[in-house]
Amino acid sequence: MTVAAAGAAAAGMEVARLPPHELFSIAVGGLRTRRLRASLSALGIAIGIGAMVAVVGISASSQAKLLATIDSLGTNLLTISPGQTFLGSSEVLPDTSVPMILHMPNVLNAAALYQVSNVSVLRTPYVPSQLTGGIGVDAADPGLVTALSDQMASGRFLNTTNERFPTVVLGAQAASILQIPSSNGHLQVYLGGTWFTVVGIMKPALLDSNLDTTAFIGLPVAERLFKVQPNPSEIYVRADQDHVPAVANLLAPTADPQNPDGVQVSRPSDALEARAAAKGQFTTLLLGLGAVALLVGAIGIANIMVISVLERRGEIGLRRALGATKRHITIQFLAESALLAALGGVAGLLIGAIATLVYALARSQPWVVPLYALIAAPVAGFAIGALAGLYPASKAARLSPTEALRST
């Protein structure tokens, strides 16, 4: 108890109090008398918090889609590729790599690609040979789609029957470049000087986008027409989910026992996880930009509250004359400032959530707004308003009743 309060109590006088419900009513009344000004001030906070919520929500939605993709495709896909020799030339995987890998315990499936060099894919022989559109050609094992867990957009993949004949399966982007929407109708492409029948078109490959711009033919026809050697350029391995590290450690010496150091083993899902982590890092930068917008909004609220103090000097003097203490005046203006910013925080939360929903619907992503954003938005607005109102509140409390009433 302060000295003044103790003195008032000793004199039998009742100490002036300001219950919370009365404080809230006074704060709301102060804002309602200046609705347009209060709305514009809250808008600055709403824009800043809305931007931050949208940034967090969009990033969380994108990460959720990536993680869902990883979960659907699994983290048990491993890739094997030849590395570089000590002198800088490319290693060559032996033709026994795939059979040896298939005999490994905990290996579910394995399929290889075999690079076909200096062969282009054209819609017709009348297209200039240099206009390949970036389409590459690989020979593929029939089990490639199964190993990748990919799906066909049209037709079927190569099998043990058609891989011996001039048939081709197009990646999603390769089919788009060649303007072939479907494998129906016995369409053909001019591949390496020979007509190949399109028997299938793949859907976009989620774990290896390089496959989208590739035309796949059977290894037997590639050996016969283009002298391709049966040395894999890439091997895709599906391992048991519970034994992925053990399988990964043994793949290199199994694929090439004579030179295991020249074999590179990787996991494509790691790239997706790295992309998800990179999105989180990028979010930090955008949150910094949102914080700048919040600072501008806080300055706007402080400025509005200072003007409000000057305009309401008569009200302040009257309240002081009726018994309000400096503490009551300070709390009143702090409450108005905090309430104004908290309302802006709630509005910003709605703006950010709606922006995230629109983005998620446009990108076919899950709508995710983190729980901490739902809680932090109004709390941050309240805290910012309280800080912004410190100076105006102290300025109002320092006004003496006589000076305040004389100014009116």
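**Confidence first.** I started with the scores of this predicted model: the protein averages a pLDDT of 79, and 76% of its residues score at least 70. A reminder to myself: where pLDDT is low, the predicted coordinates should not be read in detail.

**The whole protein.** I looked up the secondary structure next and noted 14 helices and eleven strands. Of the 408 residues, 43% are buried. I also checked the contacts with a separation of 6 or more, and 80% of these join residues 24 or more positions apart. For the accessible surface I wrote down about 20,900 Å², with 62% of that belonging to carbon and sulfur atoms.

**Helix α11.** I went on to α11, which runs over residues 326-363 and has 38 residues. From its first C-alpha to its last I get 55 Å, close to the 56 Å expected at 1.5 Å a residue. Just after α11 comes Ser364, and I noted its positive phi of about 55°.

**Gly192.** My last stop was the loop between β7 (188-191) and β8 (194-202), where Gly192 sits. Setting aside neighbours within four places in sequence, I found Gly192 in contact with Val119, Ser120 and Phe226.

How values were computed
Residues numbered from 1 in each chain as written. Predicted model: local features only at pLDDT ≥ 70, side-chain atom pairs only at ≥ 80, totals over all residues. Heavy atoms only, no water. Helix = DSSP H or I, 4+ residues; strand = E, 2+ residues; numbered from the N terminus. Expected span 1.5 Å × (residues − 1). Contact = heavy atoms within 4.5 Å. pLDDT = per-residue confidence, 0-100. Buried < 20%, exposed > 50% of the residue type's maximum accessible area, 1.4 Å probe, protein only. Areas by Shrake-Rupley, 256 points an atom, 1.4 Å probe, with all protein chains shown as cover.
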